[in-house]
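Here are a few exercises to work through with the model open beside you. Each task is followed by a solution in steps.

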Amino acid sequence: MMLAKEWSEKLTSVAKQQYMRSPFWLEAASRKLTWEEAVMDKPSIQEAVNRLDEASAGVLRAFYICFGAGPVSEERLFSSGVQRAGLSGAEFRYGLIQLQNAGIVFALRKGWGERLYALPSDGYMLWHAALFPIPQLSAADTGYGQWEQRQEDTPHKSLGRQLLSVWAELARSGLGLTAKGTLPKKTATKLMQAVTITEEEMMSAGWKTEPEASYNIVLTFILKLSMHLGVVTTQENRMGWNEQILTKWLSEPDYRQEFLLLQWCQKERFEGKPGMWHAMAVLARLEPGIWYAERDLTEQIKRHGLDAIDWDRHLHSCLDFLRLFGWMELGRTEQGTMMRFTMMPLLLQEPFVNLKAVHEPIFIEPNGDLFVTPGCSPLIRWELELIADKKSDDLLSIWQINRQSAMRALAHGRTTDQILAFLHAAAGGVPISPLLESSLLDWGKQEDGLKAAAEPYPLLPFDPPADCQFLLRSSAGALASCELMNHEDFTVERFLPELDRVPLSWLQQLRSYHHSTRLEILEQALSWQAPVQLSMDEAVVAFVPARVDKSDNGWRVTGLLREAATIREVCLTPEMWQGMKLVAPGVSGFV
């Protein structure tokens, strides 16, 4: 799976301009949006979905439910997607071509010709909401009667906060590796103490132990994530910090960190599990901070026909996934499960992306207690982890800077002046109490006698540049070595061979033909996997032929008859309809 910006890097500017000439992007193009902007813009996505023809909409809905964000082989896409969409093979292929020509679905060539289809994984939730609209759920009844017996699960700290704790412990313990290229057991133990996630919880939430992993499932996951973010690197027999990337990451506000982590974790956990993508896309529409009843959500899903997958199983898997990383709280009542997001799952579809983080200052007591509110910058929290001892980590967190923590920081390369300057800045410019300043100066006089630690703490700028933005990259996996196919190859002629040899009268209007001509038209439809229109008993219906059986007494055709919202298999003889028309998707319309 790849993110939209990674697809963009594979595309030429000419290709992206051609995408924006698709009728699906008419409004977005009139607003001068680029392809990268339009494909991730909520109003533009809704406008594009409104402009999709029946075939394109059917293909895209089938793709989303059957395969998530992909990738999927061409064989699987057609074998499962055609049936799900209720389209003929030709209609399905035409719809797919339209989506490719708009840069909504991409085709890639793998190896010696195998073709894969995929779409930008970070846009999945936005497109899903437009393709499968459901009413906004009402908040759960929070009256005394409903919640009297509520039992809430103890929520985890958010994954971003846990990463920060692990990295700080890694800075304190050192990044050296053993001769086998692994962290010493003592370091690994301390890192595990910095997280609240347990092995049992990860396995219960569906995570698998990686083959030949050197650590338990939790530490393997944390280190893999840290290296993917680029914060931690491996060089010969030791790890190292990428201070530039670490600064960018910690410059992001908490809400954006959690959103980026959700994107990465979805890829890791949901790959090959379209049902979880589907369930998560529905959950992501819930407003953060509001309690909802699971049964209300399930009722809406069933009412709108979105429960074709094993909804209950996938929903509970997603709830376990979200709770594991502190992104959702669960409550149990006699009426069932209640849920509440603690993060912004659809960050990019809201104005949140344009928010400027306003960081709240810390409050410093003369005894060295440091009170930290939820709006504190992650950069400040990072430095507090290194120069102070954490006393509590709740909605209001408390650190304490004392002789032991100060001496540890001095041993890892900090100076008294740096600590004092940091505290002054973190407190919003409020002067530090003379008592605490005096204590720090006294402890600093002893630093000359300290044996300097082998690894100084990373020293990050307290006020990084405004454009210091972290860019997440996906683990492209199977797509990394694939060649993106030129969308200009996707033309109608590719799946309607010899179109110019078919009599125009067959394509233009409903007409009555001799039985032999009717057979020719049906055989042409079979070769194209295309439907025909039939007038039967004063009604016009769509018919997708599957096979023709000939005998001495004549012939009959078996296929799918589409009437209104129903599809049924029928066997017809030529005298059972009056007029007919061959339908060439993209040429003679749809039925």
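**Exercise 1: Trace a sheet**

Four strands form an open sheet in the order β1-β3-β2-β14, and their pairing is antiparallel.

*Step 1.* Strands here are DSSP runs (E, at least two residues) and helices are runs of H or I with at least four residues, both numbered from the N terminus. Two strands pair if DSSP finds at least two bridges between them.

*Step 2.* Pick out serine 73; its bridge partner in β3 is leucine 116.

**Exercise 2: Judge the confidence**

This is a predicted model, in which local features need pLDDT of at least 70, side-chain atom pairs count only at pLDDT 80 or more, and totals for chains, interfaces and linings use all residues. Residues are numbered from 1 along each chain as its sequence is written, and side-chain values use heavy atoms, with hydrogens and water left out.

*Step 1.* Start with the whole protein chain: the average pLDDT (the predictor's confidence in each residue, from 0 to 100) is 86, and 91% of the residues score at least 70.

**Exercise 3: Explore the largest pocket**

Which residues lie nearest the centre of the largest pocket, and which helix gives the largest share of its lining?

*Step 1.* Take the definition: on a 1 Å grid over the protein atoms alone, a pocket is an open set of points with protein on both sides within 12 Å along at least five of seven lines, a cavity is a set where a 1.4 Å probe fits but cannot get out, and lining residues have an atom within 4 Å of a point.

*Step 2.* Note the volume, about 870 Å³, which is the space filled by probe spheres set on the points, with grid points joined across faces, edges and corners.

*Step 3.* Of the 31 lining residues, Ser158, Arg161, Thr342, Pro374 and Leu395 lie nearest the centre.

*Step 4.* α16 (254-270) and α20 (378-387) each supply at least two lining residues; the largest share, three residues, is from α16.

**Exercise 4: Size up a cavity**

What is the volume of the second largest cavity?

*Step 1.* The volume is about 60 Å³.

*Step 2.* Its lining includes Ser158, Arg161 and Trp249.
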